[in-house]
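Please examine the structure displayed below. The paragraphs that follow lead from the overall fold to a helix pair, a pocket and individual residues.

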Amino acid sequence: MIGSGFISEFSTGTLKVVQTFVTRCLAAFTGRPHLYDGPSELKEHCLELIAKHCSDRPAAVRSVDLGSIWSLLSKILSGTANHETATSFATFHCIISIADSLVRLRRDVVMHTLPHLAFVLHRLLLITKRARPQLGAKQSKLVAGTLPSWVSPSQPLGVAEIRAFSRLLTALTVKTVPPTYTTQQHTAVAAETQKAESLAKPFAKHVGHVLLAYIDCMNDPLCVLTPEMRRELEPGLFSLCEMLGEYNRDALMVSSLDSGGKTIMKSLWREYEKQRYVGKG
């Protein structure tokens, strides 16, 4: 793709040109339904360009573009009544790549958009559930309506996707130093005065929204997360529990969960505590 090459191979003195180009591309992607709600191949090209920009030149990502990126991802993840015949697994992995690069490499700008990140994570988890076998037509239609157009109800997301999502959740606790550009040269460098930190502490108050997606998946009588998928998801869920803490856990259970949700949350917390204290004592 021409845009991808333009972004990844810009030379000294062209940083502002590339940043302006990316901003205009994002405005085009988010403002035109035929791009974000069109054929999967078109969405994949748009997402690949953004993913390459975020992973290859993270220091060139501007805070002004974060709103457009989250808005685009939210639109692409939204449920619809119409679906393609084959699931675009590439679309899912592109979204994961974008979010992962931003979380790991641009913590400094993501800090200001954490509610949007939480919403994207919530939606990513929700669309991994699959319909239970032998549902009636009306029930199947209800489940399908929660899925984006690029996920075919007959070809659900699988273990590879849930594994990638779990890795993204664990990345929230990884300490990094965001790259910056010097004024003399467009070379990514870590500012010596910056301290390596993670998003764990600031994201703690948004963790409940992501965990609610897991509880909804487990509590949905029409859907299922297979045992293998739940095992792959555990490292990410345990990272969320670590960020949440007992106080926020109790607040979540009181304010947002019914009896079924509380049972699921207690079960998850027991498993978290079990692995947390393996080898201790």
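The chain contains 14 helices and four strands, as seen in a predicted model. Of its 281 residues, 48% are buried. Among contacts between residues at least 6 apart in sequence, 79% join residues at least 24 apart.

One helix pair may be taken next. Two packed helices are described by the angle between their axes and by the distance between those axes. Helix α4, which spans residues 40-56, packs against helix α5, residues 63-77, at an angle of about 145°. The axes of α4 and α5 lie 12 Å apart, and the crossing of α4 past α5 is left-handed. On the α4 side, the contact is made by K43, L47, I50 and C54; on the α5 side, I69, L72, L73 and I76 take part. By class, seven of the residues in the contact of α4 with α5 are nonpolar, none is polar and one is charged.

Where does S149 lie? S149 is placed in the loop between α9 (137-144) and α10 (159-171). Is S149 buried or exposed? With a relative accessibility of 10%, S149 counts as buried, because the limit for that class is under 20%.

K16 belongs to helix α2, which covers residues 15-31. Its relative accessibility is 68%, so K16 counts as exposed, the threshold being over 50%. K16 and A60 are 44 residues apart along the chain, and their C-alpha atoms are separated by 8.6 Å.

Which residues line the largest pocket? The lining consists of Y214, M218, R230, E234, L237, F238, I264, S267, L268 and E271. The lining residues divide into six nonpolar, one polar and three charged. The space in the largest pocket amounts to about 160 Å³.

Technical notes
Residues numbered from 1 in each chain as written. Predicted model: local features only at pLDDT ≥ 70, side-chain atom pairs only at ≥ 80, totals over all residues. Heavy atoms only, no water. Helix = DSSP H or I, 4+ residues; strand = E, 2+ residues; numbered from the N terminus. Buried < 20%, exposed > 50% of the residue type's maximum accessible area, 1.4 Å probe, protein only. 1 Å grid on protein atoms, 1.4 Å probe; cavity = no way out; pocket = protein on both sides within 12 Å on 5 of 7 lines; lining within 4 Å. Points joined across faces, edges and corners; volume = space filled by probe spheres on them. Nonpolar A, V, L, I, M, F, W, Y, C, P; charged D, E, K, R; others polar. Axes fitted to C-alpha atoms, helices over the stretch in contact; angles between N-to-C directions. Left-handed = near helix turned anticlockwise from the far one by under 90°. Contact = heavy atoms within 4.5 Å.
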